[in-house]
Amino acid sequence: ADVERGGRHVDDFDEYYSNLVFVYTPRVKFGILRLGAQWERYSFGFPNGGQQLPNTLQAVNSIVGFDSKFSDSILVRLEAQPGFYGTTFDHLEGDSFNVPFVLGGTYIYSPELQLVLGVGVNFQSRFPVLPGGGIRWKFAPSWVLNAVLPTPRLEYQASRNLTLFAGADIKANTFRTDDHFGDSHGDAGLNNAWLSYEEVRTGVGAEWKINSSLSLTIEGGYVPWR
């Protein structure tokens, strides 16, 4: 695909995305803790050298947060992801440390309708504060409109263990380039710079619940904006 911003444009590159997450959720007196770790990586292949975009963007971070409730109808979540956001492992240094976090709440109007409101904060992003949220509405026995950012989708429960869906996935993160990246790519302003990378993915898929602890998901689609 291509990527561009302003006068900068990179043509015909390949992208491989990897994401490994582990979250442990023990129950405590005030709610449920969220403790874990994550590795995320974008790997690009440039046939023409890829001016302005590194070959690799990756993050290694922890997950620290909790879920609690103010009442039976109001739930809240706070989650931070402190870690290193850079390029190769050699450049995951002190100045690539960042602490993006999210704060959100859910109002349970009824078993069929829930309202979600939240905010994501990343001070290194070109949009440091982004609102989020939406609604989850079971408007028919087999249909659910799960219109909550960043992964809004429409779900159809084809059977007890099989769910079909169509929707979107909005990905946005920031990564620190190395000290000499700009020198080697013809733009000194990109040396040791925070780079914001954003994607909007759309598609369809299916989720098969194998048992209470394991599910298999397959999906495919299109990236209309990057």
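**View 1. Salt bridge between Asp 169 and Lys 171.** In this predicted model, the side chains of Asp 169 and Lys 171 form a salt bridge with an N to O distance of 3.5 Å. Asp 169 has a relative accessibility of 22% and counts as partly exposed, whereas Lys 171, at 16%, counts as buried. Because the boundary for burial is set at under 20% relative accessible area, the two partners are assigned to separate classes. By the rule applied here, the count of salt bridges comes to eleven.

**View 2. Salt bridges around Glu 15.** The side chains of Arg 201 and Glu 15 meet in a salt bridge at 3.4 Å, N to O. Arg 226, at 16%, counts as buried.

**View 3. Salt-bridge network.** Asp 169 and Lys 171 pair at 3.5 Å, N to O. Elsewhere, salt bridges that share partners join Glu 15, Glu 199, Arg 201 and Arg 226 into one network.

**View 4. Aromatic pair of Tyr 42 and Phe 175.** Eleven aromatic pairs are present in the structure. Tyr 42 is buried at 1% relative accessibility, and Phe 175 is buried with a relative accessible area of 0%.

**View 5. Aromatic pair of Phe 84 and Phe 97.** The ring centres of Phe 84 and Phe 97 lie 5.5 Å apart with their planes at 65 degrees, so the pair is edge-to-face. Phe 84 is in strand β8 (residues 83-86) and Phe 97 in strand β9 (residues 97-98), so the contact ties together parts 13 residues apart in sequence. Phe 84 counts as partly exposed at 32% relative accessibility, as does Phe 97 at 40%.

**View 6. Aromatic cluster and charges over rings.** One aromatic cluster is formed by Tyr 17, Tyr 42, Phe 44, Phe 175 and Tyr 197. Arg 201 lies over the face of Tyr 17, at 4.8 Å from the ring centre. Arg 153 is placed over the face of Phe 165, at 4.1 Å from the ring centre.

**View 7. Lining of the second largest pocket.** The second largest pocket has a volume of about 660 Å³. Its lining comprises 25 residues, of which Val 3, Glu 4, Arg 5, Ser 196 and Tyr 197 lie nearest the centre. The elements giving two or more residues to this lining are β1 (3-5), β2 (8-10), β16 and β17. Strand β16 supplies the largest share, five residues. By residue class, the lining divides into 14 nonpolar, four polar and seven charged residues.

Notes: Residues numbered from 1 in each chain as written. Predicted model: local features only at pLDDT ≥ 70, side-chain atom pairs only at ≥ 80, totals over all residues. Heavy atoms only, no water. Salt bridge = Lys/Arg side-chain N within 4 Å of Asp/Glu carboxyl O. Buried < 20%, exposed > 50% of the residue type's maximum accessible area, 1.4 Å probe, protein only. 1 Å grid on protein atoms, 1.4 Å probe; cavity = no way out; pocket = protein on both sides within 12 Å on 5 of 7 lines; lining within 4 Å. Points joined across faces, edges and corners; volume = space filled by probe spheres on them. Helix = DSSP H or I, 4+ residues; strand = E, 2+ residues; numbered from the N terminus. Nonpolar A, V, L, I, M, F, W, Y, C, P; charged D, E, K, R; others polar. Phe/Tyr/Trp six-rings, centres within 6.5 Å; stacked < 30°, edge-to-face > 60°. Lys NZ or Arg CZ within 6 Å of the ring centre and 35° of its normal.
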